[in-house]
Amino acid sequence: MGIISTILGFSGFGVGVSAGLAIGYFLFVYFQPTDVKDPVIRPLVEQDSQTLQRLLPEIPLWVKNPDYDRVDWINKFLEYMWPYLDKAICKTALNIAKPIIAEQIPKYKIESIEFEALTLGSLPPTFQGMKVYNTDEKELIMEPSLKWAGNPNVTLTVKAFGLKPTVQVVDLQIFAAPRITLKPLVPSFPCFAKIYVSLMEKPHIDFGLKLVGADLMSVPSLYRFVQELIKDQVANMYLWPRTLEVPILDPTKAMRRPVGIVHVKVVRAMKLKKKDLMGASDPYVKIKLTEDKAPSKKTTVKHKNLNPEWNEEFNMVVRDPETQALEFNVYDWEQVGKHDKMGMNIVPLKELPPDEPKVITLDLLKNMDLNDVQNEKSRGQLVVEVIYKPFKEEDMPKDMDDSGTVEKAPEGTPSGGGMLVVIVHEAQDVEGKHHTNPYARILFKGEERKTKHVKKSRDPRWEDEFTFMLDEPPTNEKMHVEVESNSSRIGLLHPKESLGYVDINLSDVVTNKRINEKYHLIDSKNGRIQIELQWRTS
């Protein structure tokens, strides 16, 4: 009976399993649920932005946002330069941190804190995109999207209360959206005076913190507390509008603002040599300040006179008295053809005592080469009276970053007048019919000033500054500004052409002290020019 029971038990198990499988297969095939629908498949281009961000969380900003530009070249640059940047950044960080640590540790009864290791690792940060803002001021604003999943090794040894534990920071992750502002832009390398850094939102910071070999960040409550504490502290210091200011250059020196005025009086010339066939000359003098883009000053022409007297006075703005010099050139005027040069000489400004008139008799030379034997030949003499008047401390610009303020006019400015400052920033969409090598030409009260030439550009940027000393406010005056193009090609039928012009009424700048506007150019389809005007009084 035992054998029979065993056989029947196995047979029943086999039959039950077979029957269960058959019934389950039947139910699976013939009784499927009716509320199941096929998934909807759509191309990515038809998805909305939120769905795309959920499906592709790591997609770069330059793909999702048209305001951000792709900056792969910066990432490639960082990849190659990272070993060197790592050492430079760590060295700078050490120099900054050591005095701060030395100042703070006595407050907490810590004997010393030393860096055993400091490296940012082998993985550089990457920029997911960058937004650049266009402003009408002298600044460059950038907002990069920064991600850094690095493998740094920062090891500190803290000595306190007889103990010497080691703290190590590893596996650092930083996601941040900083705003970097370079201002003011200046004509001296690296072309900006200060860097301002702000955070547009709270950064994401994650890292491992090892103490005596144990990872403290593995404790959930401590991990969240440290993360929020760091976010809040960083936000309190640098979240917009708070900024971190990094000085690069002295703005006053970089901008080469006026530091004084030199008064020049051309008195007379003596024993000039004959240049004309009729046995006389028609001399005049051109005075120029070296390292200055302003055009030369000129005396009147004294016809048929080898010992002319002028007694004519001129004022010139000085920017660097240590390197600039007054250059005097005497010419023989010709009605037709090139004017003949009769001689020249210079007066370095550093040789002039401040606020003291100095009468100088200059021997006219062919050139300033002391080894040229032709300079031994007598060419006559020129008598000039020169006074260099440096600005007083209260007249010097105090804050170069405050674009809304206007500096005072220099000492010696006429009491009822002032200094008109014209800054030609840039032009846009200017185009010539035959060539586009634009420069701006300013005509005001009989004086002409020109910016530098920019070759083959429809959007030239000049950043050239000019000054006009006036005896009275130009309330009823207009300034003519014209953008022109020159071609150096020989034989061209149109070597010079106008790209547009504008006449600016100066009454607004007298009232507001400063205006910075873009003007539409007349006789130009879409051309515009940006000009900043300042009216400075004493």
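This is a predicted model: local features need pLDDT of at least 70, side-chain atom pairs count only at pLDDT 80 or more; totals for chains, interfaces and linings use all residues.
Figure 1. The overall count is 7 helices and 26 strands (DSSP runs numbered from the N terminus: helices are H or I, at least four residues; strands are E, at least two). There are 538 residues, and 38% of them count as buried (under 20% relative accessible area; exposed is over 50%, partly exposed in between; 1.4 Å probe, protein chains only). Take the contacts (heavy atoms within 4.5 Å) with a separation of 6 or more: 64% of these come from residues 24 or more positions apart. Residue numbers start from 1 along each chain as its sequence is written, and side-chain values use heavy atoms, with hydrogens and water left out. Local features need pLDDT of at least 70 and side-chain atom pairs 80 or more, while totals for chains, interfaces and linings use all residues.

Figure 2. Gly-121 is counted as buried because its relative accessibility is 16%. Trp-82 is 39 residues away from Gly-121 along the chain, yet their C-alpha atoms are separated by 9.1 Å.

**Figure 3. A nonpolar patch on the surface.** Five side chains make up this patch: Trp-73, Phe-77, Tyr-80, Met-81 and Tyr-84, with about 660 Å² of accessible area together. (Patch residues have over 30% relative accessible area and no salt bridge; like charges are joined within 9 Å, and nonpolar side chains, Val, Leu, Ile, Met, Phe, Trp or Tyr, within 5 Å. A salt bridge puts a Lys or Arg side-chain nitrogen within 4 Å of an Asp or Glu carboxyl oxygen.) Zoom in on Tyr-84 and you're in helix α4 (residues 72-104). Tyr-84 is exposed, since its relative accessible area is 57%.

**Figure 4. Strand β4 between its two partners, β1 and β5.** On one side, β4 (residues 153-159) runs antiparallel to β1 (residues 112-119), and 7 bridges join the two (strands pair if DSSP finds at least two bridges between them). Ile-113 faces Val-158 of β4 across that pairing. β4 also runs antiparallel to β5 (residues 166-176), this time with 4 bridges. Here Val-154 has Val-169 in β5 as its bridge partner. The β4-β5 hairpin has 6 residues between the strands, and Phe-161 in it takes a positive phi near 55°.

**Figure 5. An open four-stranded sheet.** Reading across, the order is β13-β12-β15-β16, and the pairing is antiparallel. The edges belong to β13 (297-298) and β16 (340-348): each has a single partner strand, so one side of each is left without a neighbour in the sheet. At the β13 end, 2 bridges join β13 to β12 (residues 283-289). Lys-286 is the residue standing opposite Lys-298 in β13.

Figure 6. As a rule, most residues other than glycine have a negative phi, and most peptide bonds are trans. Lys-271 isn't a glycine, but has a positive phi of about 55°. Lys-271 belongs to the loop between β11 (260-270) and β12, and is exposed because its relative accessible area is 62%. Asp-523 also has a positive phi, near 65°. Asp-523 is in the loop between β25 (514-520) and β26 and counts as exposed at 66% relative accessibility. The peptide bond joining Lys-183 and Pro-184 is cis, with omega about -15°; Pro-184 is part of strand β6 (residues 178-185).

**Figure 7. Two polar contacts, one from Gln-530 and one from Ser-457.** Gln-530 sits in strand β26 (residues 528-536) and is buried, with a relative accessible area of 3%. The side chain of Gln-530 makes a polar contact with the Asn-516 side chain at 3.2 Å (N or O atoms within 3.5 Å; within protein, one must be able to donate a hydrogen and the other to accept it, and sequence-adjacent residues count only if both atoms are side-chain atoms). Ser-457 is in the loop between β21 (447-450) and β22 (461-470), and its 16% relative accessibility counts as buried. A polar atom of the Ser-457 side chain lies 3.2 Å from the backbone nitrogen of Asp-459. Leaving out residues up to four places away in sequence, Ser-457 touches Val-430, Thr-436 and Pro-438. Ser-457 and Thr-436 are 21 residues apart in sequence and 6.2 Å apart from C-alpha to C-alpha.

Key:
Accessible areas come from the Shrake-Rupley method with a 1.4 Å probe; for residues, only the protein chains shown count as cover.
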